[in-house]
Amino acid sequence: MTRFIEVRTSRRSQLLDITVEVQRALSASGLEEGAALIYVPHTTAGVTINENADPSVAEDILSHLEKMVPRSGSFRHREGNADAHIKATLVGFSQLVPVRGGRLELGTWQGVFLCEFDGPRSRRVLLSFLRSAP
Ligand code: ZN
């Protein structure tokens, strides 16, 4: 069953921790053993997993993506957000996380982040909870 969560971002580039929202939807689904597919159906936002204990990790990821793909670069895409498309491709649009005992099997320091590169705007994150074969 596919569910979704709506996220409102507040800056042009932002890593937004959505771990609690994903876990809440997982708990509501009743899935005990399997996997959670977390998918972002956008072209200028993505999803990644990284440290959510120290917020400077997310800040470093954003600042270094900005150095790798500056907004002021030379692009053929004329919408003014070519850098956002490239950054979203670099982080990717889906994550697959094992589920055990009804919990996302994330590492101690891991969190799930929506990666906004052309905000602020509303974003949708699709969730598919996949049951393991018995
Ligand atoms: Zn565009």
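**The zinc site and salt bridges of a predicted model**

H85 is partly exposed, with 24% relative accessible area. I begin with this residue because H85, through its NE2 atom, is one of the protein donors of the zinc ion. Please bear in mind throughout that the model is predicted.

E79 is exposed, at 57% relative accessible area.

What is the geometry of the site? The angles among the four donor atoms run from 91 to 152°, and the site is irregular. It does not count as tetrahedral, because that would require all angles to lie between 85 and 135 degrees.

I turn now to the salt bridges. The count comes to eight. In one of them, E105 pairs with R100, with the closest N and O atoms 3.0 Å apart. E105 is partly exposed at 39% relative accessibility, and R100 is exposed at 52%.

Finally, D118 forms a salt bridge with R121, at 2.9 Å between the closest N and O atoms. D118 is buried, with a relative accessible area of 14%, whereas R121 is partly exposed at 32%. Through shared partners, salt bridges join D118 and R121 with R12, E66, D83 and K87 into one network.

Conventions
Residues numbered from 1 in each chain as written. Predicted model: local features only at pLDDT ≥ 70, side-chain atom pairs only at ≥ 80, totals over all residues. Heavy atoms only, no water. Donors = N, O, S within 2.8 Å, 3.2 Å for Na, K, Ca; no water. Tetrahedral: all angles 85-135°; square planar, octahedral: opposite > 155°, others 65-115°. Buried < 20%, exposed > 50% of the residue type's maximum accessible area, 1.4 Å probe, protein only. Salt bridge = Lys/Arg side-chain N within 4 Å of Asp/Glu carboxyl O.
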